[in-house]
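Dear colleague,

Please find below the structure that I am handing over to you. My notes on what was found in it follow directly after.

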Amino acid sequence: MNKLLQKAFDDSIAYRTSLENRRVFPDSKMLEEMKRLDMPLPEKPKEPGKILDLLSSAGSQGTVAVAGPRFFGFVIGGSTPVTLAANWLAGAWDQNCGMDTTSPVAAFVEEVSLKWLLQFFGFPSACGGAFVTGATMAGFACLAAARSHLLNRHGWNVEKQGLFGAPNINVVVSEEVHATILKALSMLGMGSERVTKIPTDKMGRMLIDKIPKPNGPTIICVQAGDVNSGCFDPIDEIINKFKSDDVWIHVDGAFGLWVLVSSKYKHLGKGIEKADSWSVDAHKWLNVPYDSGIAIVRNAEALRSAMSISTSYLKSTPGKRQPNEFTPELSRRARGVEIWTAIASLGREGIAEIIERTCSHAQKAARRLADAGYKVLNDVVINQVLVSFGSDEKTEKVIKAIQEDGTCWCGGTKWKGQTAMRISVCSWATTNEDMDKSLDAMIKCAKGID
């Protein structure tokens, strides 16, 4: 065991050290090396050290350097060294954190982490919380709580009676709603297309005067940080105008919710604390290892009602918070360990510094690309930059060239009918030098396309 763990440790260190200089996306030769993992189905045991060596040498070739400083595709953070170390330790502990009887420390660390998160965000201390895989399941948990609460108000127990014959719940979303919200609605039986989509302004903010007056049980989903433009819906105005006992306001804050930690950017989330539920990722701006998401619900009992499980053999300590009462899963890993470690090591100031520094990098990217003659399509309010290099066809060619160059990696998107390259700056590891190197490569690639 010691030799195997030491081998994994040494290879992990070598890999992380290589990130500063390696290609961000693997080239064809590296992808060919990865195929060594496709060996004939093993019939007999093999020497574990050789298997680990194969996984390390071939598997590492097929990785994307998302943990490095120059990955700007999607909204993905890079795990800080201390949270990676905590991930290793938690893996060694191998805890099932469903109950305090299966892991007292996992249950306790979740309780402490949730308390800290509520203090960071300025939410009521009585909120319920769930530590899940990511924003998809966080949104699922929050919307399940909303469904439970709203139907219960109308005399319907959805957990026992299901949805057949249940009162209708109206769902209002932005036309820029993230696909994970629609997926959650689909999984909850409320339908991804049975929604009212509200038009947005040129930056993707929901137009409040286009939201219909609620009629009956209603969920309004707003965004704190659009995944393309980074903009925030007018959350305070929406809550003040529409919030009622029969209207549940959910905030999709997958990455944008973290601005509440920064005194410089928290104004973007004005009024957000008055919502009913919030979903957020920790593997984005908090920079913990994948996977890690958080659901927070003002009405803790609604979350517990939607998620709790009970059997004759699942015994836990009465009166204590039990993680399995708030999450879709029963058996799961101890994600709270990494969240606790990130908050304990960085503190409010450290987290705010990462947020403010990455936003500064995004602003730098927008300035340099605009100065080079390319069109920035959004107001850069936080860490997202949308840029067009001319026609849709040319922009797609530039994106492909940048990806093939390997210096950095950016993805493409459609924004208001126009093809754009999206730059998402989330990693704690990104320096000014990384931005300069990346922007030099972007501009060089763009100039090489007719």
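Asp291 lies in the loop between strands S6 and S7 (helices, H or I of at least four residues, and strands, E of at least two, are DSSP runs numbered from the N terminus). The model is a predicted one, in which local features need pLDDT of at least 70 and side-chain atom pairs count only at pLDDT 80 or more, while totals for chains, interfaces and linings use all residues. Residues are numbered from 1 along each chain as its sequence is written, and side-chain values use heavy atoms, with hydrogens and water left out.

The peptide bond that joins Tyr290 and Asp291 is cis, with omega of about -5 degrees. Asn287 is also found in the loop between S6 and S7. Although Asn287 is not a glycine, it has a positive phi of about 60 degrees. At 0% relative accessibility, Asn287 counts as buried (buried means under 20% relative accessible area, exposed over 50%, and partly exposed in between, with a 1.4 Å probe and protein chains only). Lys416 has a positive phi as well, of about 55 degrees, and is not a glycine. Lys416 is found in the loop between strand S10 (411-415) and strand S11 (418-424), and it is partly exposed, with a relative accessible area of 39%. For context, most residues other than glycine have a negative phi, and most peptide bonds are trans.

I turn next to the charged pairs. The count of salt bridges comes to 24 (a salt bridge is a side-chain nitrogen of Lys or Arg within 4 Å of a carboxyl oxygen of Asp or Glu). Lys284 forms one with Asp281, the closest N and O atoms being 2.4 Å apart, and both Lys284 and Asp281 are buried. Salt bridges that share partners join Asp291, Arg333, Arg335 and Glu338 into one network.

Lys274 and Asp236 also meet in a salt bridge, at 2.6 Å from N to O. Because Lys274 lies in the loop between S5 and S6 and Asp236 in helix H9, the pair ties together parts that are 38 residues apart in sequence. Lys274 is partly exposed at 30% relative accessibility, whereas Asp236 is buried at 16%. A further salt bridge is formed by Asp53 and Lys7, whose closest N and O atoms are 2.9 Å apart. This pair links distant parts of the chain, with Asp53 in helix H3 (residues 48-59) and Lys7 in helix H1, 46 residues apart. Asp53 has a relative accessible area of 36% and is partly exposed; Lys7, at 26%, is partly exposed too.

Leaving aside neighbours within four places in sequence, Trp258 is in contact with residues including Leu117, Phe121, Asp281, Trp285 and Ile351 (contact means heavy atoms within 4.5 Å).

Phe25 lies in the loop between H1 and helix H2 (28-34) and is partly exposed, at 32% relative accessibility. Not counting residues up to four places away in sequence, Phe25 touches Val64 and Trp409. The C-alpha atoms of Phe25 and Phe71 are separated by 8.8 Å, with the two residues 46 residues apart along the chain.

Finally, some values for the whole chain. The chain has 13 helices and 11 strands. Its radius of gyration is 23 Å, close to the 22 Å that the globule rule gives for 450 residues, so the chain is as compact as a globular protein of that length (the radius is taken over C-alpha atoms, and the rule is 2.2 Å times the number of residues to the power 0.38). Buried residues make up 52% of the 450 residues.

Yours sincerely
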